[in-house]
Amino acid sequence: MIVESYEDVIVLSGSLRSNFWETIHTAVSLTLKRHPTGVVIDCSGITEITTEGADTFVDAIRFVEDHDQARIVVAAVPPHVKEVLRQVPDVRSQLPEASTVEEARRSLDLLVEEEDLGKKKRKEPTKAFDRIIVGVVSSDEGDTQMLHVVEEMVENLPAKVVLVAPIVVPRDKPVSAPMPVEEEKAAASLDAGRNQLMNRGIPCDIRLERHRELSTLIQEVGEELNAAHIVVGLASDLKGDESYIKVLRSVIERVKRPLVIVRGARV
């Protein structure tokens with residue numbers, strides 16, 4: 001096994017037949033000092049792997065768990081390597097994986113942005129604003145209607161708006177797992193929404209949040225911010241009426257704060 005590093009990437013190549021974490025650990029630690037946003041492990045060059053070699057990634061997961069600021073994403077994992085990793089339960093469910101190195105980098109950057117925004121919100125005094133309205137984007141055409149409702153609410157009674165884009169992560173993946181399509185859509189929706197509101201003179205912050213369940217995420221953010229109202233923009237098409245009703249019921253039952261549901265027009 002050959003271990004090489006450049007910038008924020010560690011490249012593994014050759015056969016991984018035994019636990020190689022001790023060697024990789026040194027490279028990871030040095031890379032994190034230079035790039036604290038996180039480390040990408042490029043697995044494209046692994047030609048062979050055994051279950052013993054897969055234990056390398058078990059130790060990588062434990063390292064992340066033991067170090068709050070450490071982030072590791074594996075990238076470009078060949079099919080034959082994935083097949084072996086699936087045989088190791090801890091790796092299968094907890095190892096963040098991206099299709100490419102660039103995809104992994106983008107996801108790490110978004111994770112840092114999320115944490116920085118969260119810290120800013122918790123530290124920022126809210127006394128200057130009598131009310132905070134939380135707007136939950138759906139990253140589709142329904143956001144237009146949700147933003148219109150938020151604008152009308154603020155015009156009637158001034159408030160600060162916090163736009164939240166939820167990333168609902170499947171339970172078979174770690175919460176920090178890269179989800180590039182969803183992340184890009186969410187980031188674009190947040191930027192567009194913030195620009196629209198701020199062009200109207202409405203103070204606005206944005207947050208990208210990850211969770212297992214949409215309803216729990218909305219409830220927790222609303223309580224954290226002591227929201228006067230929560231405006232939820234639901235997608236106009238949630239894969240059928242049953243799915244729509246299930247999501248809607250879950251949000252209504254879970255969220256305790258004043259709640260406004262906005263759905264885009266259905267064709």
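Begin by selecting serine 13, which has its place in strand β2. The model on display is a predicted one. Serine 13 has a relative accessible area of 19% and is therefore buried, since the cut-off for that class is under 20%. Show its surroundings next: leaving aside neighbours within four places in sequence, serine 13 is in contact with Met1, Ile2, Glu4, Gly45 and Ile46.

**The sheet around β2**

Five strands form an open sheet in the order β1-β2-β3-β4-β5, and their pairing is mixed. At the edges stand β1 (2-6) and β5 (97-98); each has a single partner strand, so one side of each is left without a neighbour in the sheet. Now select β1 and β2 together, which pair in the antiparallel sense over five bridges. Within this pairing, glutamate 4 stands opposite valine 11 in β2.

**The largest nonpolar core**

Proceed to the largest nonpolar core, which has 29 residues. The members that touch the most other members are Val28, Ile46, Ile49, Phe57, Leu85 and Val91. Two or more residues come from each of β2 (9-16), α1 (21-34), β3 (39-49), α2 (51-66), β4 (72-75) and α3 (79-85). Helix α2 supplies the largest share, six residues.

Which residues does phenylalanine 57 touch? Not counting residues up to four places away in sequence, the contacts of phenylalanine 57 are Leu12, Leu16, Cys43, Ile46, Ile49, Val74, Leu85, Val91 and Leu95.

**An aromatic pair**

Select tryptophan 21 and phenylalanine 63 next. The count of aromatic pairs comes to one. The ring centres of tryptophan 21 and phenylalanine 63 are 5.6 Å apart and the planes lie at 55°, so the pair is tilted. Tryptophan 21 belongs to helix α1 and phenylalanine 63 to helix α2, 42 residues apart, and the pair thus links distant parts of the chain. Tryptophan 21 is buried, with a relative accessible area of 6%, and phenylalanine 63 counts as buried at 10% relative accessibility.

**Two cysteines**

Select cysteine 43 and cysteine 204. Cysteine 43 is buried, with a relative accessible area of 2%, and cysteine 204 counts as buried at 7% relative accessibility. The count of disulfides comes to zero.

**Helix α6**

Turn to helix α6, residues 142-156. With 15 residues, helix α6 reaches 22 Å from its first C-alpha to its last, close to the 21 Å expected at 1.5 Å a residue. Its buried residues are Gly142, Asp143, Met146, Leu147, Val150, Glu151, Met153 and Val154. To view their surroundings, display β6 (132-136), β7, α7, β9 (229-234) and β10 (259-263), against which the buried residues of α6 pack.

**The last stop: valine 175**

Finally, select valine 175 in the loop between β7 (160-168) and α7 (180-199). Is valine 175 buried or partly exposed? At 36% relative accessibility, valine 175 counts as partly exposed. Not counting residues up to four places away in sequence, valine 175 touches Val169, Arg210 and Arg212.

How values were computed:
Residues are numbered from 1 along each chain as its sequence is written. This is a predicted model: local features need pLDDT of at least 70, side-chain atom pairs count only at pLDDT 80 or more; totals for chains, interfaces and linings use all residues. Side-chain values use heavy atoms; hydrogens and water are left out. Helices (H or I, at least four residues) and strands (E, at least two) are DSSP runs, numbered from the N terminus. Buried means under 20% relative accessible area, exposed over 50%, partly exposed in between (1.4 Å probe, protein chains only). Contact means heavy atoms within 4.5 Å. A nonpolar core is a set of buried Ala, Val, Leu, Ile, Met, Phe, Trp, Tyr and Cys residues joined through side-chain atoms within 4.5 Å. Rings of Phe, Tyr and Trp (its six-membered ring) pair if their centres lie within 6.5 Å; planes under 30 degrees apart count as stacked, over 60 as edge-to-face and the rest as tilted. The expected span of a helix is 1.5 Å times one less than its number of residues. A disulfide is a pair of cysteine sulfur atoms within 2.5 Å. Two strands pair if DSSP finds at least two bridges between them.
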